[in-house]
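Welcome, and take a moment to look over the model before reading on. We will walk through it one part at a time.

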Amino acid sequence: MASIDIESVRKSYGPFPVLHGVDLTIKDGEFIVLVGPSGCGKSTLLRMIAGLEEVTSGEIRISGNRVNDLAPKDRDIAMVFQSYALYPHMSVADNMSYSLRLRKTAKEKIASAVGAAATKLGLDPLLERRPKALSGGQRQRVAMGRAIVRQPKAFLFDEPLSNLDARLREQMRAEIKKLHADLKATSIYVTHDQIEAMTLADRIVAMHGGIVQQVGSPLELYDTPANLFVAGFIGSPGMNFLEGRYVVSAEGDGKGASEGAGIRLSDGTVVPVARRTDIQPDAAVTLGIRPEHVVISDTGMLEASVDLVEPTGFGIILHLSLHGLPFKIFTLDRDALSAGPKVRVDFPRKYLHVFDEKGDRAD
Amino acid sequence: MRPGKLLLTGAHRGAILVYVVFALFPLFWLLKVSVTPNDLLYSEGVRMWPSRTTFEHFDFVIAHSAFPTFFKNSLIVSGATAIVVTILASLSGYALSRFSFKAKYWIVALMLITQMFPLVMLVAPIFRMLSPLGLTNSLTGLVIVYSAFNVPFATFLMQSFFDGIPKDLEEAAMIDGATQFVAFRQIILPLTLPGIAATLGFVFTAAWSELLFALMLISGNDAATFPVGLLTFVSKFSVDFGQMMAAGVLALIPACLFFLLIQRYLVQGLTAGAVKG
Amino acid sequence: MMHQSMKQNRPPLRKRIADASEPYLYSAPALILIVAVMLVPLVVGISYAFRDIQLLNPFSGGFIGLDHFRALSQDDAFFGALRNTLWWTGASVFFQFTFGLILALLLDKPFYGRGLVQALVFLPWAVPSFLAGLNWAWLFNPVIGPLPHWLYALGLLDEPHNILSDPHLAMWGPIVANVWWGIPFFAITLLAALQAIPRDLYEAASIDGAGPVQRFMSITLPFLAPTIAITVLLRTVWISNFADLIVVMTNGGPADRTQIVASYIFTQAFKRLDFGYASAIALVLLVLLLVYSMLIVLLRQTMLNKG
């Protein structure tokens with residue numbers, strides 16, 4: 001197992017930059033998830049770590065050794081591809097043992113390594129089959145098996161679950177997590193699915209436009225998103241955003257305005273917030289609150305009209321218009337199903353996020 | 001089935017039948033004349049099958065002519081050419097399919113332009129080049145020339161097969177510990193077997209049919225190939241139709257066998273290419 | 001040591017050379033062969049066009065400038081061959097393409113025994129070209145072939161004679177043989193292109209109310225267009241160079257009525273052993289074909305740009 005250091009790594013295809021300088025230190029045994037929309041550069045970064053893409057500038061180190069100029073085969077890493085990339089002309093056992101055979105490992109050693117991996121993944125009865133004769137989930141397991149037989153320095157996953165249906169994806173997600181707990185292998189996992197990122201990661205690296213937006217534990221990203229992008233990307237349904245201006249002398253609403261700070265929305269309503277030190281009064285800001293944190297109450301300070309009610313079974317998503325802006329609420333309260341044309345809502349102060357003009361978090 | 005649909009299906013099968021007959025009739029006629037005894041050839045005219053059949057023409061061709069030598073020479077030349085070309089075209093097709101490099105455009109252009117050469121123009125220069133090397137009047141010389149002529153098209157054919165194989169597979173192999181060349185040999189080539197079969201068959205057939213260079217580079221019977229032999233035979237015994245056609249039927253066998261084996265891969269390979277383009 | 005501490009971003013020279021040369025190593029064997037056996041002889045052959053090269057004349061070999069081309073501009077046989085080439089190529093490509101397309105469409109529909117039928121109808125392609133020529137020459141021969149008798153029975157001929165020796169009809173002989181031999185090429189390429197068309201497009205069009213003709217015009221043809229363009233181009237070039245059938249079946253006769261440029265070159269080179277003149281004609285043919293290809297490519301480019 002190994003640590004991986006990424007130091008001001010850039011990538012461009014000709015004149016087109018794809019990654020604008022990424023710095024990241026991955027500790028030994030850590031499970032890192034690179035998450036972001038398609039085209040954000042997460043896969044490119046992963047492929048550069050694997051050695052499948054050239055590094056335009058910067059440095060990648062595995063266990064402290066610079067690997068920029070090493071061929072993939074000399075980096076001692078394993079990778080699970082989105083397409084699984086199983087060798088169609090080899091049996092499952094041969095697929096799993098290929099890397100060991102290339103390294104001229106002794107036959108008995110190969111047999112025991114493949115056997116152990118197969119047992120771990122429940123592949124024992126399938127060892128003699130060809131990939132064509134396997135289901136999607138089984139193929140996914142073989143791809144995992146191929147990675148773990150080698151005990152490499154690190155595992156790389158490139159959207160490994162995106163070809164599976166929802167139920168299987170959930171199951172494999174749990175298995176990957178168990179496997180990691182078991183093997184404690186350094187892992188880098190690329191996905192565009194924020195649920196996978198939240199559930200699997202020790203630390204999430206949120207990327208957008210070739211730039212790392214935030215690195216932190218899943219809950220850090222959820223609770224204190226560093227900017228509008230992270231705030232909007234993590235969480236489902238996504239965070240609500242309202243434009244406004246930061247005001248210091250709150251025209252008190254009588255309760256809790258003692259701090260004297262608030263956000264004045266376009267219609268003049270002032271939403272009280274805790275005082276922020278890093279923005280100037282009257283600056284344009286964006287107020288954010290997650291749908292699950294909005295409270296419906298008859299005494300709420302804002303009135304919104306109900307556009308759509310979406311029961312998910314577990315809870316209910318209400319689509320509202322707040323001063324003409326779309327706005328969502330997630331609630332477990334079944335009474336919301338029969339919500340009238342108008343509801344009143346409250347924004348609990350501790351759940352409010354404020355972002356400055358540039359979109360960065362303001363505290 | 002509705003009557004309209006039935007009519008359509010009937011027309012479809014009928015049209016197919018016309019094509020099959022058109023394709024096979026000349027070959028059938030070749031076979032028919034080759035088994036017709038000489039005395040019936042003129043008297044029975046356009047009968048579809050002679051009232052008596054004989055294998056004496058085949059006997060004569062095999063026992064009393066140089067055809068067995070021609071046949072052997074042709075097998076050697078076509079087989080060797082097919083193997084050489086398939087190896088070279090696998091390599092160059094792989095380069096065109098998987099790498100982007102500066103000269104790629106020029107290589108493709110060169111290979112396309114070679115397809116336009118009037119080959120007659122090359123005969124004299126090639127003869128002059130090969131003659132001091134002792135490669136005229138030799139099967140090796142023919143193999144070299146045929147290989148060069150067939151590499152461009154075979155390269156494009158192989159490229160289209162490689163294009164149909166996902167790049168992920170090599171990348172997985174390279175991460176598993178293979179160099180690109182090992183990945184090419186152990187992972188990609190085995191998956192291209194249909195393509196290799198198609199290329200082998202295509203080149204074999206082309207080399208089997210080549211007449212011009214075989215005629216110009218070879219003199220004498222020892223190194224003559226089947227087409228040359230057949231042509232000399234035609235000019236020598238131009239009235240002995242039975243024997244000529246028997247020789248023709250024999251010439252047909254290997255090429256047709258090869259073709260029947262590979263024709264389905266040919267369509268597959270071109271489909272893979274078409275999907276990409 | 002120094003180098004490592006400098007943290008330069010360019011990989012070491014050796015690796016850069018190895019990376020950059022890899023594709024060339026793969027393509028080198030094929031390229032060397034093509035250059036040595038095709039390109040170099042071509043250049044030499046082009047030089048022959050400006051020299052006096054006669055195989056049996058030991059005093060030949062001198063540089064004679066444009067003499068061959070001057071002679072060529074006066075050579076009626078050459079212009080006759082040029083006209084015949086147009087006729088031969090045009091008719092062959094047209095019929096090969098038309099029947100090839102119909103065959104591909106027929107084979108694109110699944111039916112019982114399709115694999116076998118496909119193998120059988122593609123079989124002519126495997127027949128060596130000289131043998132195809134001989135075979136058809138025999139079929140046209142009234143002594144052993146049925147065709148003259150059938151044409152006579154149909155009233156197309158006054159008497160069952162050999163059309164290959166009839167100056168007005170002779171060209172049809174090689175053309176028929178060429179069509180027979182060339183249909184599979186078009187059918188195979190077009191069938192491959194047809195099978196690459198996504199099936200749901202047809203379903204969507206049917207649901208939108210398009211009939212079979214409309215589906216063909218609005219889906220099949222546009223999808224096939226690039227394949228058609230490239231195969232017709234390649235085939236045209238190839239057929240104008242293709243002398244085997246004519247040499248075998250008619251040898252240019254009767255009265256030069258089937259002499260095309262390619263067979264004329266052949267005659268000049270191997271019957272009269274005048275390689276210099278043959279090379280000059282071949283060069284003219286090569287230039288004409290290059291110009292034709294360029295025109296087609298340009299035309300396609302402009303059409304693509306408009307679309």
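Two strands are said to pair if DSSP finds at least two bridges between them. Helices (H or I, at least four residues) and strands (E, at least two) are themselves DSSP runs, numbered from the N terminus. What you see is a predicted model, in which local features need pLDDT of at least 70, side-chain atom pairs count only at pLDDT 80 or more, and totals for chains, interfaces and linings use all residues. Residues are numbered from 1 along each chain as its sequence is written, while chains are lettered from A and ligands numbered from 1 in the order in which they are written.

Let us begin with a sheet in chain A. Five strands form an open, antiparallel sheet in the order E13-E12-E11-E14-E20. Strand E13 (270-272) and strand E20 (353-355) of chain A are its edge strands, each pairing on one side only. On average, and ignoring direction, neighbouring strands of this sheet are turned by 40° against each other; the axes behind such angles are lines fitted to C-alpha atoms, for helices over the stretch in contact, and angles run from 0 to 180 degrees between N-to-C directions. Three bridges link E13(A) in the antiparallel sense with strand E12 (residues 262-265) of chain A, and one of the pairs joins A:Gly262 to A:Pro272.

Chain A holds another open sheet of five antiparallel strands, with the order E15-E19-E16-E17-E18. Strand E15 (295-296) and strand E18 (325-331) of chain A each have a single partner strand, so one side of each is left without a neighbour in the sheet. E15(A) is joined by two bridges to strand E19 (residues 342-346) of chain A, and the two run antiparallel. Here A:Ile296 has A:Val345 as its bridge partner.

How confident is the predictor in chain A? The average pLDDT (the predictor's confidence in each residue, from 0 to 100) is 90 for this chain, and 97% of the residues score at least 70. Among the elements of chain A, E13(A) has the lowest mean, 86, and strand E3 (residues 31-35) the highest, 96.

That brings us to E3(A), where five of five residues are buried. A residue is buried if 20 or more other C-beta atoms lie within 10 Å of its own, exposed if 12 or fewer, and partly exposed in between, with C-beta atoms placed from the backbone. In a regular strand the side chains alternate between the two faces of the sheet. In E3(A), A:Phe31, A:Val33 and A:Val35 point one way, and A:Ile32 and A:Leu34 the other way. E3(A) pairs in the parallel sense with strand E8 (residues 186-191) of chain A over five bridges, and also with strand E9 (residues 203-208) of chain A over four bridges. A:Val35 is partnered with A:Thr191 in E8(A), and A:Val33 with A:Ile204 in E9(A).

A loop residue is worth a visit too. A:Leu86 lies between strand E6 (77-80) and helix H2 (92-102) of chain A, and this residue is buried because 23 other C-beta atoms lie within 10 Å.

Finally, turn to chains B and C. Their contact (C-beta atoms, placed from the backbone, within 7 Å) takes 70 residues from chain B and 72 residues from chain C. On the chain B side, H13(B) gives the largest share, 16 residues.

Definitions and conventions:
Contact = placed C-beta atoms within 7 Å.
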